[in-house]
Amino acid sequence: MRNRRRSALVFVADHTVFVALAAAFLAPLVFIVLTSLMSAQQAGTAFSWPTEWHWDNFTQVFDKLPMLKYFGNSFIYGILATLFMLASSVPAAYALARIRFRGSGVFFLGIIAMMLLPPQVTSVPLYVMWSNLGLTGSLWPLILPNLLGDAFSIFLLRQFLLTIPKEYTEAARIDGCGEWRTLWKVILPMAKPGVAATSIFLFFHSWNDYYGPLLYTSENESAWPVSYALAQFRGARSVDWNLTMAATLIAMVPVVLVFFFAQRVFVQGVTLTGVKG
């Protein structure tokens, strides 16, 4: 027992900085969990530990709002946006990484410039365009743009594809494969970690997106995703912080499960991306 305690103390002493950083990152999560189990009167007060444990707060979340509908909207938004992104961004990244053509560097710089452009700059003209098309009040203005490619996804996929040796594509071309067949039959099977990492990034972004649903779906409750629905726990004069925190934990569950089951391929994809410039 003494040796175990001594080894534990030595471990903490050797990793003091990392332990402190871990505590700093976990502190907000602990605060959310404790607040979600408080009563409405205690939540938001100076008492940080629940005097009574209210596990029924999680059921009240579903009683007060149709959370299952909001979860369904978030899944529709995240899954369709991810699929549309893959359909458009994978070929674009392959072209920039594997096909030599005049102006490819200019196109790549343009994609990087699009990453630096704040979305608020284009909000007004885009809203006018979607309004003229009659698609405001739905999630389609947030989903359909992914068919034209996502700048960050193209950049991430291109960097990963550059890590795949060029000999594979050259051998496929010698065997008579065209560019599309080379992409689907040769490159994509080896690029699964990069594709998975990019998909998880976009799915997380779609799931947590608040600004987009606020802009396009605020007037239509049936199209609200869970990220925007959380704001509806705010009353006119008060906020049910205990229910808000309980709903926040519920909204975190799908994201945590996705990362838990895909963390190996996700970490592999992020690690290998950017080895070559």
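A search of the whole structure finds one salt bridge, a term that stands for a side-chain nitrogen of Lys or Arg within 4 Å of a carboxyl oxygen of Asp or Glu. The model before you is predicted, so local features need pLDDT of at least 70 and side-chain atom pairs count only at pLDDT 80 or more, whereas totals for chains, interfaces and linings use all residues. Residues are numbered from 1 along each chain as its sequence is written, and side-chain values use heavy atoms, with hydrogens and water left out.

Which two residues meet in the salt bridge? They are glutamate 179 and arginine 173, at 3.2 Å from N to O. Glutamate 179 has a relative accessible area of 31% and is partly exposed; arginine 173, at 32%, is partly exposed. On this scale, buried means under 20% relative accessible area, exposed means over 50%, and partly exposed lies in between, with a 1.4 Å probe and protein chains only.

Rolling a probe the size of a water molecule over the atoms shows where empty space is left. The search uses a 1 Å grid over the protein atoms alone: a cavity is a set of points where a 1.4 Å probe fits but cannot get out, a pocket is an open set with protein on both sides within 12 Å along at least five of seven lines, and lining residues have an atom within 4 Å of a point. Grid points are joined across faces, edges and corners, and a volume is the space filled by probe spheres set on the points.

The second largest pocket has a volume of about 170 Å³. Its lining includes Arg98, Arg100, Lys166, Glu170 and Arg173. By class, that lining has three nonpolar, one polar and five charged residues. Here Ala, Val, Leu, Ile, Met, Phe, Trp, Tyr, Cys and Pro count as nonpolar, Asp, Glu, Lys and Arg as charged, and the others, Gly among them, as polar. Helix α9 gives the most to this lining, with four residues; helices are DSSP runs of H or I with at least four residues, strands are runs of E with at least two, and both are numbered from the N terminus.

The largest pocket has a volume of about 1,100 Å³. Of its 32 lining residues, the closest to the centre are Pro119, Leu126, Pro145, Asp150 and His205. The lining divides into 21 nonpolar, nine polar and two charged residues. Which helix gives the most to it? That is α11, with five residues.

The structure holds 13 aromatic pairs: rings of Phe, Tyr and Trp (its six-membered ring) whose centres lie within 6.5 Å, with planes under 30 degrees apart counted as stacked, over 60 as edge-to-face and the rest as tilted. One of these pairs, phenylalanine 152 with phenylalanine 201, is edge-to-face, at 5.6 Å centre to centre and 90° between the planes. This pair links distant parts of the chain, joining helix α8 to helix α11 across 49 residues. Ring pairs also link Phe71, Phe75, Phe203, Phe204 and Trp207 into a cluster.

Finally, the cavity. The search finds one cavity of 30 Å³ or more. Val90, Leu157, Leu161, Leu183, Ile187, Leu188, Ala191 and Val195 line the largest cavity. By class, these are eight nonpolar, no polar and no charged residues.
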